[in-house]
Amino acid sequence: MSDITSSSFVRQDLLDERPAPVKTTGFVGLVRTRLFNSPTNILLTIVGALLLWFTIIPSVRFLMVDAVWTGKDRTACLAENAGFTVGACWPYIQAKLPQLIYGFYPEAERWRVNLTLVLSVVLLVPLLIPRLPSKGLNAGLFFFAFPVVAFFLLHGGGIKGFGLSWTADLLQLFDDSIIGAGKALLGLGKTSSAAPLLWVVGNVIMLVGTAIYWLIFPLTWLRDQLQGTGQSVWADFAITAAIVSLIAFVLGGGLRTGGRALTSSVVTFAAIAIVIKLMGLDHGGLPIVQTNLWGGLLVTLVVSVTGIVTSLPIGIALALGRRSTIPLIRIFSIAFIEFWRGVPLITVLFFATYMLPLFLPGNFTVDGLVRALIGISLFTGAYQAENVRGGLAAIPRGQGEAAAALGLSWWKTTSLIVLPQALRHVIPNLVNSFISLFKDTSLVSIVALFDLLGSLRASFSDPKWSSPSTAFTGFAFAGIIYFIFCFGMSRYSLFVEHRLNAHRRN
Amino acid sequence: MKRVILALTLALAAGLTAQAAEAQTLKTVKDRGMLSCGVSQGLPGFSSPDDKGNWTGLDVDVCRAIAGAIFNDPTKVKYVPLSAKDRFTALQSGEVDVLSRNTTWTISRDTSLGANFTGVTYYDGQGFMVKKSLKVNSALELNSASVCVQTGTTTEQNLADYFKANNMKYEVIAFGTNDETVKAYEAGRCDVFTTDQSGLYANRLKLANPGDHMVLPEIISKEPLGPMVRHGDDQWFDIVKWTLFAMITAEELGVTAKNVDEKAKQENPELKRVLGTDGNFGEQLGLSKDWVVRIVKAVGNYGEVFDRNVGAGSPLGINRGLNNLWNKGGLQYAPPIR
Amino acid sequence: MSIEARKPPPQIALKIRRVLGGKTGWNGIAVQFAFAAVLGWIAYEIVSNARANLENQHIAAGFGFLANNAGFDVNQTLISYTGSDTFLRVFLVGLLNTLVVSVVGIVFATVIGFIVALCRLSPNWLLARIGEIYVEIIRNLPVLFQILFWYLAVLAALPNPRQSISLLGIAFVSNRGLVIPRPIGESGFEAFLVVLALGIVASVVLRIHARRALFQRGQMIRIWPYVLGLLFGLPLVTILVAGLPFSFELPQLKGFNFAGGSRIIPEFVALTLALSTYTAAFIAEIVRAGILSVHSGQMEAGSSLGLSRGTTLRLVVVPQAMRVIVPPLTNQYLNLTKNSSLAVAIGYPDLVSVFAGTSLSQTGQAIEIIAMTMGVYLLISLITSAVMSVYGWRISRSLGA
């Protein structure tokens, strides 16, 4: 037996320390593995570095180093006065800031805009933080109460009646239209060859109209009586509150379980009463500020928030309609969605501006801002419908069937089982649509509304501030605002997406 | 679904609507307590807002005069700034009661647009503005030039006619609003800016260095500018028409904003008739007896309005020229109030 | 004797129920009736209001105006047009301008989009970050903002024609646009074109032949030298034999502007730039998602077969990624086409600008003009979605096979 240690195959001495492996983590590692690991990569890195050098350096110089920070008018921003090539002309933004934010909103009333903004932030922030409780109440406040309050805050004015009067007005409008149609048919019947048929149809329609007239007569009579009294708003309010609370009580289950519904209804009406009293809506409210005085960021936010709030219900309704088993509703929804999705927004705005007034009765005109809002809501609604449909399609059939097995009606199945799940699925898509909507609000400047971009463009034509760098400064400022909003929303959507997919990770 | 939208529309509309029944504009205006007046989006001398949104100008003063005649308060006007493209639609849809927006009176507009011109507030003509550095002295030297023009105006069509008639080539660059057009001209996108001559003078003030630009002598069209109202409401048509005539008559009779009260006491039969101490012409119009006094108190006579906004007393400094009274070599002529 | 099977009882009522009400039965029919009534009522209101309003305002109705003289000029026309042409001609001019800006924009957007996507996927860290920054900045700014930025800030800063930047003395850049020499055909030009076309056709045929050989017989044919020869050599030989068949008209500064040469107006440049860079950011994300959706095993399998990285990408990864990429890509193309309507903001004479803008204000016939304009865009998007569903059907068929 030989000593194993004497064998020449066995190493006798200690191996030299090998050098530590090349660091692949940290900054140095990053540089080594991802920037300079091959000739091509080195070349690409150099190209990238040059690209950055030629974009970032001039931008920083323009925005900070060469910028002019103080001045009274354009002379401060001209190269011959400043003594160097002038970058951004910030005093121009300072001078135009009120216009870029409020437009021509009267100076004395601007606190209303600020208050609205504060209100929206106070309501919106808790809604966006998932940990905070009572989302339902919060959402209700933001989506239903806030728009109304914001309208009376921003636009001003008061109310002459309440629920009862409005219902009566609406029903009367409907009835007038039916009677009008009947009369038109009868009139046509005198000359047309199909006179007997027209006469019959016209008379039937007239009959229906008259029947409805007598059906709603108590309502209209009550309204006229109320208008006669001095305190019409409060009387109307009390009656509406009583009726609605009663209905809530009965539908909520009567004596057995209706207590809760009754309480919430009463609380809601109390809150409404407080708001009416606080804002003095019963006697004229705040001074009216016409919408053509609104402008700047205010209009951008008003248009986008209104679009967001109104497009979602439209989208949900259209998406449900598209999945409906009733042929007519399905066909209508498909046609509606595809129509709005197939045309550019600008033509929709043209449509709203030029054609909508033709379609409404001759005796009322719709405010220019409202017209644009209607166009944008319908347009975004069609896009939201497709998003919601994606969510609905992702819900397994079993959910609906299970609900049906429990004996829930279609409405309950949809609103309690299917929709909550579907909407949660598509929150990122919805937020992405909101981002597009926010960006698309800039288009209203083409139909003569002065949003942020429109105000910016208008401010360019002020000779007091015309200098070579004015346009760049203005675009830099507006660009930063747009970017903050859109980037913030997109980050939030990513955050929600991560949260939703939490169960899929690990 | 659609019903929801309609209900929504109606509810929204109810909040923001203004009643504007076709046949009774005066009643609507009185009920509303405001005159809704379409003006341009900003043309110094004719209608332009200051930083606080107060409007001034010749076209604006016409609105103020009407409001003065109706309410005895020239501030009761809601100004609706309209682009050239939107203006007729706004009038037709009833969004504005009167369109006082340097609009040229043509037969096609008078007939096919469903609107009536009520008179001429300013006799104008289309001209050209160029940079002095181009050393151009006549519009006939503009061959191959690039021309900036506002779209949807008669100027766009006159331009085509003029260059064709003189066998010159040009490149047209059309923009949606006046400001965009001026801005493009200033930025050098085109050599020539064309619009009504009054507009050229007004827009020159918007340039950073007005002294570097000149208006060429040629006038290539007749452009009588005036207010418009909708077809089908003769009473309203009469009110707007006679408001302008009242201003011209006041100048003819030497009635100014300062001396109107004094003149009203004088025993001159014509003055008594015009200023309402004799006869009831105002009431026949649907206004008050002292309507002319109200108008003159609100804005002054036509001469004062002209001077203050576009004439010698304004930065524009335009000569009266054609806009002088008929007995002073101009075209402004009012039918007698009797 | 056999007893004939009894016929099932006639279920006419049930059939009607099925046809009219779908699965929901009589309830559904009732709902439909109510819905139809409401729709009818709204339609009636709209029509009667519109008729009354049009009558009140004395607006003419119908499409007769299309035959009237337009009376205004247009800045960029692909077909001959003068102020004395009709509104129908204006419509065509605008439509062509819309199409040309869309097509050019789509080409650039695709190229930039693919480059940015490759940057983002690149192993080079710096390049990936640059790609990401590009996408984030561009996506979060409104496209109208970008169009105006290019037009009002960047292109407006260019010098006037007299101080224009000369590119080798043959092309000039100024705030009136880019002027380049224009080729003018001389004798033999038609023959040259025929030769060129022949070359292209022959190359295509060659490629089809090579593919068939590869797929059916597994035979690789190297074709690129022949294709090169056909595409470039053949025309070159023709020129050498017959002489240059065209000459260039050089632009010259005359009076106010350049005379001669072809000119690309700055409105077109600004619009194309903004639309293509904007859409490219979205395309980059789509392409990236598409390539990432291909399982990484595919790449590994490719390299284990001995294919190079480039070849694997080209032959294995991209064809699979295309299935994911194409539908949203078409959507982006459609979006670009629709966004080209923003031309109206900078005065580029596209369909919306010259037809729904200028013609509308000259004639006042809002209903007809806006309906026509919307109809065009609707038609484009319907055709695209029809093509896309055929494509999807073919893809699913080939996957099933």
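B:Cys37 and B:Cys63 are both buried, and together they form a disulfide with their sulfur atoms 1.9 Å apart. This is a predicted model, and over all its chains the count comes to three disulfides.

- One partner, B:Cys37, sits in strand E2 (residues 35-40) of chain B, while B:Cys63 belongs to helix H3 (residues 58-71) of chain B.
- The two cysteines are 26 residues apart, and the pair links distant parts of the chain.

**The B:Cys148–B:Cys190 disulfide**

- Here the sulfur atoms of B:Cys148 and B:Cys190 are 1.7 Å apart, and the two residues form a disulfide.
- The torsion about the S-S bond is about -100°, so the disulfide of B:Cys148 and B:Cys190 is left-handed.
- Because B:Cys148 lies in strand E10 (residues 145-150) and B:Cys190 in the loop between helix H7 (178-186) and strand E12 (192-196) of chain B, the pair ties together parts that are 42 residues apart in sequence.
- B:Cys148 has a relative accessible area of 0%, and B:Cys190 has one of 1%. Buried means under 20%, so B:Cys148 counts as buried, and so does B:Cys190.
- If you number the bonded cysteines of chain B in sequence order, you get the pairing 1-2, 3-4.

**Cysteines of chain A**

- In chain A, a disulfide joins A:Cys77 and A:Cys89, with 1.9 Å between their sulfur atoms.
- Its S-S torsion is about 75°, so the disulfide of A:Cys77 and A:Cys89 is right-handed.
- This pair also links distant parts of its chain: A:Cys77 is in the loop between helix H2 (39-65) and helix H3 (79-82) of chain A, and A:Cys89 is in the loop between H3 and helix H4 (90-102) of chain A. Twelve residues separate them.
- Both A:Cys77 and A:Cys89 are buried.
- Another cysteine to look up is A:Cys486, which is buried with a relative accessible area of 0%.

**Where chain A meets chain C: extent**

- On the chain A side, 61 residues are in contact with 59 residues of chain C.

**Where chain A meets chain C: polar links**

- One salt bridge is found across the interface of chain A and chain C. Its partners are A:Arg491 and C:Glu136, whose closest N and O atoms are 3.2 Å apart.
- Across the interface of chain A and chain C there are 13 residue pairs in polar contact, counting those with both residues at pLDDT 80 or more.

**Where chain A meets chain C: the chain A side**

- Several helices of chain A each supply at least two residues of the side that touches chain C, among them helix H1 (26-35), helix H7 (163-189), helix H14 (327-342) and helix H21 (470-500).
- H21(A) provides the largest share of that side, with eleven residues.
- By type, the residues of chain A on the side that touches chain C divide into 42 nonpolar, 13 polar and six charged.

Terms used
Residues are numbered from 1 along each chain as its sequence is written. Chains are lettered from A and ligands numbered from 1 in the order in which they are written. This is a predicted model: local features need pLDDT of at least 70, side-chain atom pairs count only at pLDDT 80 or more; totals for chains, interfaces and linings use all residues. Side-chain values use heavy atoms; hydrogens and water are left out. A disulfide is a pair of cysteine sulfur atoms within 2.5 Å. Helices (H or I, at least four residues) and strands (E, at least two) are DSSP runs, numbered from the N terminus. Buried means under 20% relative accessible area, exposed over 50%, partly exposed in between (1.4 Å probe, protein chains only). Contact means heavy atoms within 4.5 Å. A salt bridge is a side-chain nitrogen of Lys or Arg within 4 Å of a carboxyl oxygen of Asp or Glu. A polar contact is a pair of N or O atoms within 3.5 Å; within protein, one must be able to donate a hydrogen and the other to accept it, and residues adjacent in sequence count only if both atoms are side-chain atoms. Ala, Val, Leu, Ile, Met, Phe, Trp, Tyr, Cys and Pro count as nonpolar, Asp, Glu, Lys and Arg as charged, and the others, Gly among them, as polar.
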